[in-house]
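Please examine the model below with attention to how its chains meet.

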Number of protein chains: 2
Amino acid sequence: MQLAELADRSRVSIPSIKYYLREGLLPPGERTGRSRASYDDDHLQRLRLIRALVEAGGLSLSEVRAVLDSLDSQPSSVHEVFGAALGGEAAHVADDDGRAARLVADLGWAVEPDCAPMADLASALAALEDGGLELSDEHLVELGRRVEPVAALEIDSIPLDSPAEVLRYVVLGTVLVRPVILALRELAHQDASQRRFDGLSDSPT
Amino acid sequence: MQLAELADRSRVSIPSIKYYLREGLLPPGERTGRSRASYDDDHLQRLRLIRALVEAGGLSLSEVRAVLDSLDSQPSSVHEVFGAALGGEAAHVADDDGRAARLVADLGWAVEPDCAPMADLASALAALEDGGLELSDEHLVELGRRVEPVAALEIDSIPLDSPAEVLRYVVLGTVLVRPVILALRELAHQDASQRRFDGLSDSPT
C-alpha cells in the first residue's frame, strides 16, 4: 500500500510516519519510484503497536524504541525471557528511610533490590508523604497483598508457546495492561464507593 | 520564610514557584517589602503537594489545578463526597465494539456509563488490540475480579472523620496511590516470574 493508505489504516499522520521512518522505528518500505515506496501489513501492524505504546502506554519515543528493540531481539529460551523479566532493570534506588525495602521484605517478595520498580516504589512512597496522605505500613502491606494476585494472573497466563511469544507478552503486557488495570481500578472505586455510601445511608453518621 | 528557603525546603525551583504564584496555584505570600514576601508552612505544604502531583502523579498543570480546586471546595457532608466520587466525571466513551461496557456488566459493577474511567477502559482495550496483545474476555473479567479487592481496600480504609478529610483521601488517593500500585505490580511480577521460572526449571519444557 501507499503511504496515504498506511496513514489512513493505522490512524497515524503522514508526518509522524515519516518521522518514525527517519528514526528507524519503522523499517523502510519497498522503493517503487524516485520518491515513492510501498508498505505491507507488517508496517501497518508495527505502526499500530507504536501508536498503542505512545497513546495508551504513555511511552516516550526512546521508551518505544527500547520496547521495539527488545521485541526484535531473539531470545533463545523461555527461561532466558523469564530470567530477564525477573532480574528487572538496574536503577539507583533513593530509598532514604528504607521504607520501600521494608515493605517488600514484609511482603516476602523475591525482587532485585536495585531495579527500576524499586526506585519507582520509593519515590511513590515519598510522594504520598509530600502530598500529606499518610498511609500506615500495615495498610501498604495489605495493598501489596491485594496487588499480588493481579500480577500473578498476568504472569501465570502467559502462553509458553515460544520464547518470542513469551517475550511479547512480558514486554507488551507490562506496558499495555497497565492502563487497563488503572481504568478498572477507578471503576471499581465507583462500585466500592456506592457500597460504602449505601452503608452510610443506613446509619446516622 | 523567604522565597529562597521555601524553594530549598520544598525542593521546587524559584522559577517554578514564581510560575505557580502567577498562575494562582499557590496563594501569594505576605508582602514584607517592595519586592519581598514571606511564606509560611501552608505554602510549603502546598508546594510539596504540587510537586508530588506533578512528579509522582504525572499530572499536567491544569489537572493539578483541578485537584487543588476540588481540595479547596467545602463539601458539606461525607455523603456528598462519596456521591461525587461515585458519579465519576462525565466523558464521551468511544466504546465501538461495546467491549468495555460488556466487561463492566460481567463484573456486575455499579458505575456511571459515561465517565472518564469508562472512556479510559475502552481506549485501553482498543490499544491492547492495536498492540497485537490478545486477551480473552474471560481473562479480562478475572483481571477485574482481582483489581476489585485493591480498589475496595482503598475506599473502605478512608477515615470518615470529616467531609474535608474524606475528600482529601478520595482526591489525593486516586492520584498518589496509583504510582504505588503500579510499582508494587511490577515488583510482584518479578516475584511471580521467579516462581513460574522455578516451576519451569523443575520440568522439561
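A salt bridge is taken here as a side-chain nitrogen of Lys or Arg within 4 Å of a carboxyl oxygen of Asp or Glu. By that rule, eight salt bridges are counted between chain B and chain A in this predicted model. One example joins A:Glu134 to B:Arg168, with 3.7 Å between the closest N and O atoms. Polar contacts across the interface of chain B and chain A amount to 28 residue pairs, with both residues at pLDDT 80 or more.

On the side of chain B that touches chain A, at least two residues each are supplied by α3 (41-55), α5 (78-87), α6 (99-107), α7 (116-130), α8 (137-156) and α9 (163-202) of chain B. The largest share of that side, 28 residues, belongs to α9(B). By residue class, the side of chain B that touches chain A comprises 49 nonpolar, 18 polar and 18 charged residues.

The extent of the interface may now be considered. The contact draws 85 residues from chain B and 86 residues from chain A. Together the two chains bury about 8000 Å², of which 70% lies on carbon and sulfur atoms. B:Arg185, B:Gln190 and B:Arg196 supply 9% of the area that chain B buries against chain A, more than any other three residues.

Within chain A, the axes of helix α1 (residues 3-10) and helix α2 (residues 14-23) come within 9 Å and cross at roughly 105°. α1(A) is therefore roughly perpendicular to α2(A). In their contact, A:Leu3, A:Ala4, A:Leu6, A:Ala7 and A:Ser10 of α1(A) meet A:Ile14, A:Ile17 and A:Lys18 of α2(A). The residues of this contact divide into six nonpolar, one polar and one charged.

Definitions and conventions:
Residues are numbered from 1 along each chain as its sequence is written. Chains are lettered from A and ligands numbered from 1 in the order in which they are written. Side-chain values use heavy atoms; hydrogens and water are left out. Contact means heavy atoms within 4.5 Å. Buried area is the accessible area (1.4 Å probe) that two parts lose on being put together, summed over both. A polar contact is a pair of N or O atoms within 3.5 Å; within protein, one must be able to donate a hydrogen and the other to accept it, and residues adjacent in sequence count only if both atoms are side-chain atoms. Helices (H or I, at least four residues) and strands (E, at least two) are DSSP runs, numbered from the N terminus. Ala, Val, Leu, Ile, Met, Phe, Trp, Tyr, Cys and Pro count as nonpolar, Asp, Glu, Lys and Arg as charged, and the others, Gly among them, as polar. Axes are lines fitted to C-alpha atoms, for helices over the stretch in contact, and angles run from 0 to 180 degrees between N-to-C directions. Angles under 35 degrees count as roughly parallel, over 145 as roughly antiparallel, 65 to 115 as roughly perpendicular and the rest as oblique.
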